[in-house]
Amino acid sequence: MSKLKEFTTQSPRPLPIVVLADVSGSMGVDGKIQALNLAVREMIEAFQDESDLRAEIHVAVITFGGQSRVHLPLGRARDAAWTDLGANGGTPMGAAFELARTMVEDRDAVPSRAYRPTLVLVSDGQPTDEWKQSLELLLKNERVGKAFRMALAIGADADHAVLQAFIANPEARVYRADEARQIRKFFQLVTMSVSARSRSANPNVALSAGEPNGGWDL
């Protein structure tokens with residue numbers, strides 16, 4: 001029994017990352033959806049190469065475009081099989097917040113032993129549904145409140161105020177991508193940040209993946 005307990009104690013703890021991706025119709029122009037697909041695919045492949053001695057990276061992708069849905073259920077990155085996204089419809093971001101809250105609250109998906117999750121929001125427009133209450137409920141969740149959150153505004157039409165409200169940290173900033181190729185750079189930063197945590201002595205502590213948050217432009 002003691003050997004079993006020792007094995008259980010030493011098994012890696014999940015380190016979840018949940019991406020909320022805008023796939024509305026406007027993402028279908030200027031190569032944005034293609035860049036998003038490439039960036040997320042590369043991120044997942046990088047996570048699959050990570051050692052899992054202390055932390056095992058788990059990844060999920062929630063999309064919102066026309067409707068909000070779980071495109072990639074939360075699970076081990078090494079088991080993830082990516083299928084490319086298409087772009088259509090409006091921007092039901094509020095519904096995506098609801099899905100994210102449900103996912104993070106699920107003890108089967110995110111067990112109590114999991115490390116602090118990372119939530120990443122990417123959008124090129126403005127919500128087309130009621131989002132304020134959904135975001136408020138999301139941020140009130142104890143697990144989300146402790147989570148690391150990052151946001152990317154794509155293009156001039158992105159609603160920076162909503163993305164900043166999602167981060168809910170006056171010292172953090174919303175990253176900006178004026179060109180499709182910069183989406184890939186953002187996800188490279190996300191990858192470095194999560195990978196650095198997974199290798200650290202304490203994955204619950206944020207580590208810098210490059211320049212300080214306030215000085216980085218894509």
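Student: Why is Asp30 called exposed?
Tutor: Asp30 has a relative accessible area of 68%. The exposed class starts over 50%, so Asp30 is exposed. Keep in mind that this is a predicted model.

Student: Where does Asp30 sit, and what is its phi?
Tutor: Asp30 belongs to the loop between strand E1 (13–22) and helix H2 (32–48). Its phi is positive, about 60 degrees, although Asp30 is not a glycine. Most residues other than glycine have a negative phi.

Student: What about Ala168: why is it called partly exposed?
Tutor: The relative accessible area of Ala168 is 44%. Partly exposed covers what lies between buried, under 20%, and exposed, over 50%, so Ala168 is partly exposed. Ala168 also has a positive phi, about 55 degrees, without being a glycine. You'll find Ala168 in the loop between helix H6 (160–167) and strand E6 (175–177).

Student: Now Glu50. What makes it count as buried?
Tutor: Glu50 has 17% relative accessibility, and the cut-off for buried is under 20%, so Glu50 counts as buried. Its place is the loop between H2 and strand E2 (55–65).

Student: How do you know that the side chains of Glu50 and Arg199 are joined by a polar contact?
Tutor: The distance given for that polar contact is 2.9 Å. A polar contact needs a pair of N or O atoms within 3.5 Å, one able to donate a hydrogen and the other to accept it, so the distance for Glu50 and Arg199 meets the cut-off. Leaving aside neighbours within four places in sequence, Glu50 is in contact with Ile57, Ser195, Ser198 and Arg199.

Student: What makes E2 and E3 a pair?
Tutor: E2 and E3 have 7 bridges between them, in the antiparallel sense. With at least two bridges required, E2 and E3 therefore pair. Within this pairing, His58 stands opposite Arg76 in E3.

Student: What is the strand order of the open sheet, and why do strand E3 (67–76) and E6 stand at the edges?
Tutor: The sheet has 6 strands in the order E3-E2-E1-E4-E5-E6, with mixed pairing. E3 and E6 each have a single partner strand, so one side of each is left without a neighbour in the sheet. The twist averages 15 degrees from one strand to the next.

Student: Which helices lie across these strands?
Tutor: H2 lies across E1, E2, E3 and E5, at about 175 degrees to E1. Helix H7 (residues 181–199) lies across E1, E2, E4, E5 and E6, at about 170 degrees to E5.

Methods. Residues are numbered from 1 along each chain as its sequence is written. This is a predicted model: local features need pLDDT of at least 70, side-chain atom pairs count only at pLDDT 80 or more; totals for chains, interfaces and linings use all residues. Side-chain values use heavy atoms; hydrogens and water are left out. Helices (H or I, at least four residues) and strands (E, at least two) are DSSP runs, numbered from the N terminus. Buried means under 20% relative accessible area, exposed over 50%, partly exposed in between (1.4 Å probe, protein chains only). Contact means heavy atoms within 4.5 Å. Axes are lines fitted to C-alpha atoms, for helices over the stretch in contact, and angles run from 0 to 180 degrees between N-to-C directions.
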